[in-house]
Each structure stands twice: as structure tokens, then as C-alpha cells.
Amino acid sequence: MATRIDIQGIDIFYGKFKAVSKVELAIEPKNVTAFIGPSGCGKSTVLRTLNRMHEVIPGARVEGKVLLDGEDLYGPGVDPVNVRRRVGMVFQRPNPFPTMSIYENVIAGLKLNGVRKKSLLDERVEESLRGANLWEEVKDRLGRPGAGLSGGQQQRLCIARAIAVEPEVLLMDEPCSALDPISTLAIEDLIQKLKNSYTIVIVTHNMQQASRVSDATAFFSLEATGQPGKLIEYDKTTKIFSNPAEKRTEDYISGRFG
């Protein structure tokens with residue numbers, strides 16, 4: 001199987017503090033990969049390096065390589081804005097632009113990229129909202145504020161906004177942690193559908209969710225407080241949850257620590 005994202009020995013820093021050490025990870029295309037592990041182990045930090053969101057934080061930096069289809073995203077001359085167009089992101093809490101309508105939320109990224117043709121914008125809005133399984137619920141109120149939707153609908157609107165610019169990869173940082181169980185299941189169903197078109201990487205604290213939605217799972221952990229997070233084990237999800245190679249993985253999944 002080809003590799004879509006190849007993480008090669010990355011160290012991640014906040015100022016002088018090394019948050020994550022020597023991560024090696026190959027992610028296959030059109031799969032869902034879950035990052036799991038205790039709080040503070042670096043899984044969200046690693047996720048943010050995949051579209052260079054990490055470096056938005058003052059003093060943050062990455063050493064090593066992150067290859068997307070063979071291209072080093074941290075190579076000289078690579079535009080981080082273009083990286084973020086190719087690698088979209090959905091955050092923990094739904095964050096529709098509060099002053100914008102549902103329609104304007106979906107097209108925000110397209111307009112930043114210079115798309116102005118009304119027929120193309122209309123077409124992409126419908127495609128993206130259908131892709132996020134939201135079109136039927138909002139098609140008659142596209143001019144209303146996105147912030148007026150329910151929490152689960154807002155998160156699907158944020159997914160529609162992310163896929164409207166046609167990224168190659170979709171990152172999701174605990175996308176269901178602020179949602180009720182029904183909305184969570186709707187997002188999980190959507191993830192299964194979206195992986196037919198996108199490579200998806202999800203951070204989750206929910207072990208049942210990781211086992212339900214992902215094809216591969218990476219377990220991160222800490223040696224001790226103040227030490228950098230490390231990748232402990234990475235394998236097919238069925239293997240990680242049924243017969244992990246590392247005792248620390250088994251202890252975490254079974255609830256004995258973390």
C-alpha cells in the first residue's frame with residue numbers, strides 16, 4: 001500500500017521544551033488513523049504538525065520531516081498556507097464563524113483562495129454540505145447564521161467548510177468531545193463515508209470510538225511528567241485492540257492507566 005503521509009523522526013518543541021521525541025509513522029491513503037494516549041502525551045501536537053498549525057504558536061518548531069505524497073511540508077520554499085489548504089483541520093469544539101451565514105461559512109476558504117464565480121460557489125456549497133451529511137437539514141436556511149445550528153450540526157458545518165477547498169487530508173482533533181451521543185454517532189458515520197475520498201487522522205480519548213472508526217491506531221505515551229511524549233506502538237486497529245505488542249498499550253486500552 002502506498003504512503004500518503006510519512007513522518008520521519010520528528011522532534012517537536014515549544015521553545016526549549018521538547019514535547020514529542022522521534023516519531024516515525026507512515027499513514028496510508030483513504031484510511032482513518034486514530035491517535036490515542038493519555039493527556040499531555042503529544043498526540044494533538046503531532047496532529048498539528050501535519051498541516052503546520054503547530055508553528056502558529058510562538059517559539060514552537062519541528063525538527064525532522066513530514067512528507068505528503070513524497071513532498072517535505074517543512075522544506076524550503078513551502079508555503080504553510082498552501083499546506084493548510086491541502087491538509088484541512090476540524091477542531092475539538094465546533095467553531096463556525098459567528099457573524100457569517102451557513103453559506104458564507106462553507107465558502108470562506110474558497111473566497112480566501114480567490115474563487116468568486118457564484119455558480120461555482122453555489123455548486124461547492126451543496127457538494128460540501130451533502131458531503132458533510134448536512135444539506136437536507138439546512139438547504140432552506142443557507143442565509144441564516146451558522147452559529148444558530150445545534151452543536152452536532154455546527155461540527156458538520158465545520159467539516160463542510162474544511163472539505164469545500166478539496167483537501168487531500170482531513171485532520172480531526174477530538175471532533176466529538178463536545179457533542180452528545182447522537183451527534184457523536186452522526187460524526188462517526190460521516191467519518192466512515194468521508195474516508196472514501198480523504199485520508200483522515202483523528203485524535204480521540206474515546207477508546208470505543210477509536211476502535212469503531214479507525215483502520216490503524218497509534219498509541220502515544222509519556223515516560224514521566226516533564227519528559228517528551230513518544231510513539232509507543234502503531235498497527236492495525238484490530239491488532240492494537242485485540243493483541244497489542246506493548247504492555248503499556250494494553251494497560252491504557254484496558255483502563256489500567258491514563
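The model is predicted, with local features requiring pLDDT of at least 70 and side-chain atom pairs pLDDT 80 or more, while totals for chains, interfaces and linings use all residues. Residues are numbered from 1 along each chain as its sequence is written, and side-chain values use heavy atoms, without hydrogens and water.

The volume of the largest pocket is about 620 Å³, that is, the space filled by probe spheres set on grid points joined across faces, edges and corners. A pocket here is an open set of points on a 1 Å grid over the protein atoms alone, where a 1.4 Å probe fits, with protein on both sides within 12 Å along at least five of seven lines; lining residues have an atom within 4 Å of a point. Of its 22 lining residues, Arg 84, Arg 85, Gly 109, Leu 112 and Val 165 are the closest to the centre. H2 contributes the most, four residues; helices are DSSP runs (H or I, at least four residues) and strands likewise (E, at least two), numbered from the N terminus.

Turning to Arg 52, this residue sits in the loop between helix H1 (43-49) and strand E4 (60-68). Its side chain has a polar atom 2.7 Å from the backbone oxygen of Leu 73.

Methods
Polar contact = N/O pair within 3.5 Å; in protein donor to acceptor, adjacent residues only side chain to side chain.
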